[in-house]
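This briefing covers a pocket, a sheet and a helix pair. The structure comes first, then the notes.

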Amino acid sequence: MMKGLKRIALASLCLLSLSSGGVYAQSAEDTGADQGRMELDRIVAKIDQDVIMQSELEARVDAVHRQLASRNIELPPEEVLQKQVLEQLILENIQIQMGKRGGIRVDDWALNDAIARIAQRNQMTLEQFKQNLEADGLSFSQAREEIRREMILNRVRQREVAQRVQVSEQEIDNFLSSPEGLAQMQTEYRLAHILIATPDNATPDQVQAAERRAEELSSQLRQGADFQTLAIANSKGQNALEGGDLGWRKANQLPTLFAEQAVKMTKGQTSASIRSPAGFHLFKLMDTRGNEKVVQSQVHVRHILIKPNEIRSNLEAQMQAKKLYQRVQAGEAFGELAKAYSEDTASALDGGDMGWISPDLLVPAFQTVMNIIPEKVVSEPFRTTYGWHILEVLGKRQSDISTQVRRSQIRELLSNRKFEEELQVWLREVRDQAYVEIQL
């Protein structure tokens, strides 16, 4: 922001005179003591090979004013706010300079794509996004440059900080066994409840009447009656008017009796009548979450890959693959031919065996052939972007990958935490190493 004005100010230093009030341009028509001066802008901080101008600081302070006002946050004294904002600009400037030296750029295509995604996340068209920006006092061109700046900052941080962050398998195990990890991984239950209450020191007749009423409701539920309707009309529980819905709760957030029923029930199931000192209870498990199984289709496949290269044309690669196919058909071992000829270095030593793999990880042409041919049948040679293949499907299965997904989620959580911690350390380091001269 304001980079054009900054460059003009720097390039014109030899024609300008510097005063305590700022940078002034002297008119060619001015003569004597009454020479007119007009303030253009002034430097408020020098950082290595760049500067921050007063206009940049004022623009950022105005933006912070608007942001805090929209959130009804009381503003600090103006002098304190200016110092805070200037420090933020200094840190950003240091990083932008690092990005320039490192060749980090954000081209218009990447910028346009990012803006489109921002508009989409806010459920707006691009035109609506522009209109909202203008309503907030920010032109679209200004917003573009601010987004470009943020993208550069993020890329610098990813390059410099992300390499410091490593999460080990032991750290994931430790988290999963910690109180926080156990709490996060607990299943949540959405339980509905009907209470047919009995009074304190209830007589046997009162208990029997309550039990009969609970059994009547239980019978109606078995015949298809709506649980929530019955709860509103009959329950003495605190959530009766919500249809008995207790909302989403983990087992340790439920009364013991409720938790014992929740963990035993399946989604949609209604319990039998259960006695407690408060009366008779009926439960329905409306839903669960946090324990969903993630099932993935997997294929056990092996292949032989022949690649065209500088000395082997595409036709020659095709012919070699065809010869290998004929040799397999003649009875030679697929695995031995793969070890000898396949150019997929990741699988060749295992006889072309790619192990159990998700089809989504494979290129479309490979998927197509893999889905067509029967198991234990070797395909004829076919081409993908990698070269010519012959493949054999050894098996297909549905695999529960919930554990892998859960560990991946924990890895991401721990990585994000570590990144934020390392980012603060790194920012202090680059700030200490930079030459900064403040001229406020």
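**Largest pocket**

Helix H2 (54-70), helix H3 (78-101), helix H5 (126-135) and helix H6 (140-161) each give at least two residues to the lining of the largest pocket. Helices (H or I, at least four residues) and strands (E, at least two) are DSSP runs numbered from the N terminus. This is a predicted model, in which local features need pLDDT of at least 70, side-chain atom pairs count only at pLDDT 80 or more, and totals for chains, interfaces and linings use all residues. Residues are numbered from 1 along each chain as its sequence is written, and side-chain values use heavy atoms, with hydrogens and water left out.

- H6 supplies the largest share of this lining, 6 residues.
- By class, the lining of the largest pocket has 13 nonpolar, 6 polar and 8 charged residues (Ala, Val, Leu, Ile, Met, Phe, Trp, Tyr, Cys and Pro count as nonpolar, Asp, Glu, Lys and Arg as charged, and the others, Gly among them, as polar).

**Sheet**

- Strands in the order E5-E4-E14 form an open sheet of 3 strands with antiparallel pairing; two strands pair if DSSP finds at least two bridges between them.
- The edge strands, each pairing on one side only, are E5 (50-53) and E14 (436-438).
- Strand E4 (residues 43-47) is joined to E5 by 4 bridges, and isoleucine 43 has methionine 53 in E5 as its bridge partner.

**Helix pair**

- H7 (residues 169-177) and H15 (residues 402-433) are roughly perpendicular to each other (65 to 115 degrees).

Technical notes. Parallel < 35°, antiparallel > 145°, perpendicular 65-115°, else oblique.
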